Amino acid sequence: MKWFKRIVIGLIIFLVLVIGAILLLPVLFKEDIYQAFKDEINNNVNAKVDFGEFGISIWRSFPYLSFTVSDIKVEGLEEFENITLAQIGTFDLNVDIMSIIKGDQINVKSIGVNDATINVLVLPGGKANYDIVEASEEQEEESEETNFNLSLENYYFKRVNLNYENRQVDLYLNLKNFNHEGEGDFTQDVVDLVTKTSCEGITYHDMGVDYMKEVEFYSDCSLNLDLLKSKYTFRDNTFKFNDFELNLDGWVGLNEMADIETDVTLATKSTSFKSLLSLIPSMYTRDFNNIQVGGNFTFASEFQGVYTDSKVPKFKIRLDVPDANFKYPDLESSVEQITVDLDIHNNTGDLDSTVINLNRLYANIATNPIDVRLITRTPFSDPYIVADIKSQLNLASLKDVIPLEDDEDYVGSLTADIQCSGSMSSLENEDYEAFDARGKLILLGFEYEMEGYPTTLIEKAYMDFHPTGINVSTLKGKFGASDFAVKGDIENYLPYFLADSQLLVGHLDLQSNFFDLDPFLEEDTAQIIENEPINTEDYKIPGDLRFTFNATIAKMNYEGLEMKNANGILVIEDQKLLFENAKMEMLDGKVLANGVYDTKDRNLPFIDFYFKIDKFDLPKTYHEFATVQTFAPIVENSSGQYTTEFSIQTSMTDSLDVDYKTLNGVGRLLTHNINVQNSGVLGQLADKLNVASFKEVNLNNTEILFKIINGRLELNPFEIKSGESTAMISGWNSFDESLEYNLDITVPTSELGGMAAGLTAMMGSFSGVAPKEIKAGVQITGTISDPKINVSIKDMVSDLQSDIKDKAKEELDKAKAEAERRAKEELDKAKAEAEARIKEQAEKIRAEAKKQADRIKKEGKSLADRTRKEGYAAADKLVSDAKNPLAKVAAKEAAKKLKAETDKKAQKIENEANNRADLVLKQAEDQITKLK
């Protein structure tokens with residue numbers, strides 16, 4: 001029996017070792033597993049991933065293996081650098097250790113995430129920061145079958161904050177303190193899944209509309225999942241948005257054609273009108289529980305049918321508020337007679353057969369009625385709209401019914417009476433008689449105040465609506481310190497609001513006595529994600545606008561810079577802002593600008609401008625414009641004026657500053673009594689040459705031609721004078737402060753001092769006469785803040801030696817030159833007499849030719865003027881003979897074409913006459929050439 005005893009003891013020892021290994025392996029190999037896990041993730045994702053503590057244990061949840069990772073951080077790369085995609089406090093996984101050993105089915109008890117912040121960003125081009133998984137090099141066409149199974153009992157997300165921003169479609173979603181958990185046995189073919197969800201606040205913005213703002217959410221759901229039949233049944237499901245509670249019943253599934261089938265009803269449990277009010281963000285505040293509310297409402301909806309590429313389930317949605325009211329206890333007035341009668345239905349499954357019928361939306365706000373009716377049919381193929389809006393509202397009464405912020409106030413009155421009925425196709429076909437649109441909108445004494453924003457005042461606004469557009473007869477008011485008066489027409493407003501891909505067209509006159517640009521150009525520093533670059537989409541010009549503003553502004557301000565007598569044409573079109581002949585007075589001078597701010601097909605805005613500036617003050621220019629400080633710091637201590645004209649092209653950075661690397665341009669500058677002194681570069685140059693006059697330079701009527709290439713300012717050679725000294729300057733400097741300039745300097749000997757003067761005297765003793773002036777070459781390199789100046793003395797010595805040789809040669813050639821001079825005098829005298837005779841004859845030929853050419857041009861112009869007069873008269877007669885408006889329109893168009901043809905014909909007559917005149921002059925010059 002000893003052998004049996006030994007076997008038993010051996011088995012016990014073996015089991016102890018196995019169990020011990022199971023318990024100790026996670027501890028012994030923890031670091032190796034951690035590093036392998038981290039390397040595997042970083043090798044397979046296009047992001048920077050890091051972890052904190054990493055734990056594996058079976059003690060904490062025996063017999064389950066507990067796997068925990070804390071402080072997980074995922075950061076983006078490239079354009080998403082410094083943007084954190086995810087930051088997770090802990091990730092927990094509990095799995096049955098024996099199922100791992102067996103391997104046929106992995107039994108997961110629970111999997112969950114705690115304390116997470118997720119930042120999802122989709123760029124305008126569609127690239128998303130969550131797309132971080134590296135694509136595998138090889139994709140197997142068919143996956144092999146496997147017996148691997150995974151069961152899950154419980155999953156959860158606790159304390160999760162989500163920021164989702166999609167700039168491609170202007171969508172933003174924020175979930176604040178989101179919690180969700182679910183339980184179910186997913187090993188079964190039919191699963192009973194029980195979930196609970198809560199969220200402290202949901203904010204949802206889509207295409208410029210705020211649908212939700214800090215909405216509280218709670219749901220308690222029980223679902224039956226038939227995984228074999230792909231049918232999912234809802235049982236006893238409650239959804240709660242603020243105080244608005246919904247019950248969901250029915251089922252959703254996939255049929256044999258993989259189409260979605262549904263039979264679902266969604267209705268309210270509570271019918272108190274107060275629960276419906278809770279969905280309005282401005283109403284659902286800490287005072288919401290104290291609101292006195294009367295009335296009930298009903299809401300019910302059902303969806304039944306199949307969802308395919310061409311069909312939707314039939315549905316009915318009904319909201320009915322028969323007679324409700326509410327009043328805040330601390331306010332004077334109430335909102336009475338609230339009535340909502342809304343019916344939305346689709347009886348065929350064709351989405352275009354949807355009918356939206358808002359039979360009535362009515363409210364009496366502190367005795368101010370608002371009454372709206374709206375019907376829409378065939379909303380996708382050819383929207384048919386019937387609308388009636390009436391309102392007589394004293395805006396000051398809002399504070400008597402709704403609590404406003406302490407710094408928020410409204411003043412004024414709004415009168416609206418607008419009706420329209422008809423189909424979109426009538427507007428598209430310009431059949432305005434078939435589309436009835438009329439009404440008026442009047443706003444008087446409107447004033448809005450809110451902290452952080454200038455006060456907005458609309459003194460009066462009168463707008464008349466008709467099928468073809470809106471006539472703005474008067475729009476006068478103030479925005480902060482700015483005043484404005486606008487009038488004109490807005491066209492195509494109905495197609496713009498009712499259909500896609502339509503242009504809103506406007507022709508408006510804008511006048512202002514004073515306009516402050518600062519409030520419009522302040523940056524919004526609030527960012528959704530910390531350290532995120534400015535969203536340049538916010539600065540793009542809309543592509544669906546075509547507006548022309550004829551602006552006249554007496555005075556403007558921009559960051560303390562005063563501009564006067566501004567006028568010109570501003571055009572918004574094709575995602576561009578165009579400036580046409582924009583003129584203004586500023587910096588003691590005048591400026592004319594033509595150009596474009598272009599945001600079409602570009603990630604960053606692009607500008608292309610031409611400027612013509614007349615006598616700007618130079619020191620004021622330096623202090624107001626960073627570009628001048630960048631490229632011409634030498635003029636910091638200067639006086640005088642300048643005139644310039646130049647063109648520039650550049651892209652903007654993501655902070656909407658000039659991108660100097662892309663800055664290109666060309667221009668010319670003319671100086672007017674400019675004095676530059678106390679410049680670091682000029683001071684060093686004066687010290688190097690020991691010439692005091694270079695410490696101060698005067699420039700008057702000096703023309704400087706320049707060009708800018710990728711942020712590098714290049715100057716064509718130009719001459720400056722300082723005292724009796726001159727310098728020819730050429731070279732360049734760049735936005736990065738680097739520079740390279742060459743100066744060819746000529747200095748009178750009398751102005752030299754020190755070693756240079758001694759050298760001059762010595763060379764003068766060799767030649768017998770000291771030179772009157774010395775030439776030197778100067779090269780300036782380095783940077784604007786730290787220039788390096790090199791003066792070439794070699795050139796000075798070479799010039800002096802050349803003077804000595806020239807002196808000797810001069811004496812030897814003196815006698816020879818005198819003899820040649822006398823002979824040349826006789827020859828020149830005979831030649832001059834012959835040239836005088838030829839000149840006299842040539843002048844006669846030119847005079848006769850000019851007389852003949854002038855006569856030809858005069859006859860041509862006379863004939864052209866007569867042709868224009870007759871053609872214009874015929875065109876005007878077409879218009880005057882037209883008897884009705886339609887005929888008038890056709891006649892005007894025909895007259896316009898006739899005048900254009902007349903101008904073309906008259907111009908041709910003038911051109912032919914001018915050509916004949918030019919030929920007479922050319923023949924005369926040919927005759928003169930033969931005389932010579």
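Glu78 is exposed, because its relative accessibility reaches 53%, where exposed denotes over 50% relative accessible area, buried under 20%, and partly exposed the range in between (1.4 Å probe, protein chains only). The model is a predicted one, in which local features need pLDDT of at least 70 and side-chain atom pairs count only at pLDDT 80 or more, whereas totals for chains, interfaces and linings use all residues. Residues are numbered from 1 along each chain as its sequence is written, and side-chain values use heavy atoms, with hydrogens and water left out.

The side chain of Glu78 forms a salt bridge with that of Lys127, at an N to O distance of 3.5 Å; a salt bridge here is a side-chain nitrogen of Lys or Arg within 4 Å of a carboxyl oxygen of Asp or Glu. Because Lys127 is located in the loop between strand E5 (105–122) and strand E6 (149–166), and Glu78 in the loop between strand E3 (64–75) and strand E4 (84–96), the pair ties together parts that are 49 residues apart in sequence. Strands (E, at least two residues) are DSSP runs, numbered from the N terminus. Lys127 is partly exposed, with a relative accessible area of 40%.

A search of the whole structure finds 25 salt bridges. In one between Asp371 and Arg360, the side chains meet at 3.3 Å, N to O, and since Asp371 belongs to strand E18 (residues 368–377) and Arg360 to strand E17 (residues 355–365), this pair ties together parts that are 11 residues apart in sequence. Asp371 is buried at 14% relative accessible area, while Arg360 is partly exposed at 28%. A salt bridge also joins Asp417 and Lys390, with the closest N and O atoms 4.0 Å apart; Asp417 lies in strand E20 (residues 409–423) and Lys390 in strand E19 (residues 384–394), so that parts 27 residues apart in sequence are tied together. Both residues are partly exposed, Asp417 at 28% and Lys390 at 37%. A network of salt bridges links Lys861, Asp865, Arg868 and Glu910.

When neighbours within four places in sequence are left aside, Ser482 is in contact (heavy atoms within 4.5 Å) with Gly477, Phe514, Phe515 and Asp516. Ile260, by contrast, is partly exposed at 34% relative accessibility and lies in strand E12 (residues 260–268).

How values were computed. Helix = DSSP H or I, 4+ residues; strand = E, 2+ residues; numbered from the N terminus.
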